[in-house]
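This briefing is arranged by topic and is intended to be read beside the sequence and the coordinates.

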Amino acid sequence: MTTFEHAMLGVNGALASGLQHRYGWRVAAFAGLAAITPDWDGLTIVGGMQLFDQAHRAWGHSFASCLLVAVLLVAFDTRFDLMGWGRRTLERLLDSKDKRIDPRPEPSALRCAVWFWVAVLAMLSHLAADLVYSGAEGLSDWELKLLWPFSQQGFVYPMVRWGDVGVTLIFVAGIFAMLRWRRHVRAIACGTLGCTIVYIAGRGGLNAAL
Ligand SMILES: [Zn+2]
C-alpha cells in the first residue's frame with residue numbers, strides 16, 4: 001500500500017469506531033499519522049543500500065517497535081499537541097479563512113490510554129496491509145520481520161500487487177461520500193473498510209485462480 005492508503009486505513013478505522021464523537025477530529029488525524037509510521041525504517045536508505053536492506057520492513061515493521069513508537073507518539077502529542085500543530089501549519093499553508101479557536105485538550109490517563117491503543121491498532125493495520133500487499137511486476141515478495149529484534153523470520157501472504165489502485169479508488173470514493181453526507185461519517189467509514197476487505201479478498205482469490 002502507498003502512504004495515502006495506509007493513512008486512510010487508519011483514519012477510517014478511527015472514524016468507524018465512533019471515537020470522533022468524544023475526541024473530535026484529532027483522533028482520526030492521530031490514527032492516520034500512526035498508520036504511516038512503520039515506514040520510518042525506509043528512511044534508512046540515506047545510510048546506504050546495505051543498511052536499508054537490513055532495516056526496511058524490519059525495524060519499523062515489528063510488533064515490538066510498533067509498541068515503542070506508539071508510546072513515543074502519545075508522549076509527543078500529549079506534550080507538544082502534534083495534531084494541533086499540524087492543523088495550524090496546514091491552515092497557514094492553505095491560507096485558510098477558517099481560523100476557529102480549537103482548544104488544546106486536557107491531558108488525562110484515560111485519553112493517553114485511548115490514544116495509545118488507537119496508535120497500536122493503526123500500526124497493526126499497516127502491518128496487516130503490508131502482509132497482503134506485496135511485490136510488483138518483476139520483483140519478488142517483500143517479507144516483514146514482525147518479531148524483530150527477537151527473530152529474523154519473515155512473513156508475507158501476497159494477495160494484491162503493490163501499486164494496485166483498487167483500494168485507492170475505494171478510499172477516494174469514501175472521502176467524497178463523507179463530504180456529501182457529513183452526518184453519516186461513521187457508517188461511510190465502516191462501508192469503506194468493508195469494501196476494502198472484500199476487494200483485497202476478491203483480488204487475492206482472482207490472483208490465485210489465474
Ligand atoms: Zn510498510
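The model is predicted. The largest share of the lining of its largest pocket, 5 residues, is supplied by helix α3. That pocket has a volume of about 650 Å³.

**The largest pocket**

- The lining of the largest pocket comprises 18 residues, and V11, L15, W25, A28 and M178 are those nearest the pocket centre.
- Two or more lining residues come from each of α1 (3-17), α2 (20-23), α3 (25-36), α8 (166-180) and α9 (185-209).
- Sorted by class, the lining holds 12 nonpolar, 4 polar and 2 charged residues.

**Helix α5**

**D77, a buried residue of α5**

- D77 belongs to helix α5 and has a relative accessible area of 3%, so it is classed as buried.
- Its contacts, leaving aside neighbours within four places in sequence, are F30, L82, M83, R111 and W115.
- The side chain of D77 reaches the backbone nitrogen of M83 at a distance of 3.2 Å.
- D77 and P107 are separated by 30 residues in sequence, while their C-alpha atoms are 9.8 Å apart in space.

**S125, a buried residue of α7**

- S125 is located in helix α7.
- The relative accessible area of S125 is 18%; because the cut-off for a buried residue is under 20%, S125 counts as buried.
- Residues touched by S125, not counting those up to four places away in sequence, are L9, G10 and A35.

**Backbone geometry**

- Most residues other than glycine have a negative phi, and most peptide bonds are trans.
- R57 is not a glycine, yet its phi is positive at about 65°.
- R57 is placed in the loop between α4 (49-55) and α5, and its relative accessibility of 8% means that R57 counts as buried.
- D81, likewise a residue other than glycine, has a positive phi near 50°.
- D81 sits in the loop between α5 and α6, and at 5% relative accessibility D81 is also counted as buried.
- The peptide bond from W148 to P149 is cis, with an omega near 5°.
- P149 is part of the loop between α7 and α8.

- Which backbone atom does the side chain of D77 reach? The side chain of D77 reaches the nitrogen of M83, and M83 is also among the contacts of D77.
- Which peptide bond is cis? The cis bond runs from W148 to P149.

Methods:
Residues numbered from 1 in each chain as written. Predicted model: local features only at pLDDT ≥ 70, side-chain atom pairs only at ≥ 80, totals over all residues. Heavy atoms only, no water. 1 Å grid on protein atoms, 1.4 Å probe; cavity = no way out; pocket = protein on both sides within 12 Å on 5 of 7 lines; lining within 4 Å. Points joined across faces, edges and corners; volume = space filled by probe spheres on them. Helix = DSSP H or I, 4+ residues; strand = E, 2+ residues; numbered from the N terminus. Nonpolar A, V, L, I, M, F, W, Y, C, P; charged D, E, K, R; others polar. Buried < 20%, exposed > 50% of the residue type's maximum accessible area, 1.4 Å probe, protein only. Contact = heavy atoms within 4.5 Å. Polar contact = N/O pair within 3.5 Å; in protein donor to acceptor, adjacent residues only side chain to side chain.
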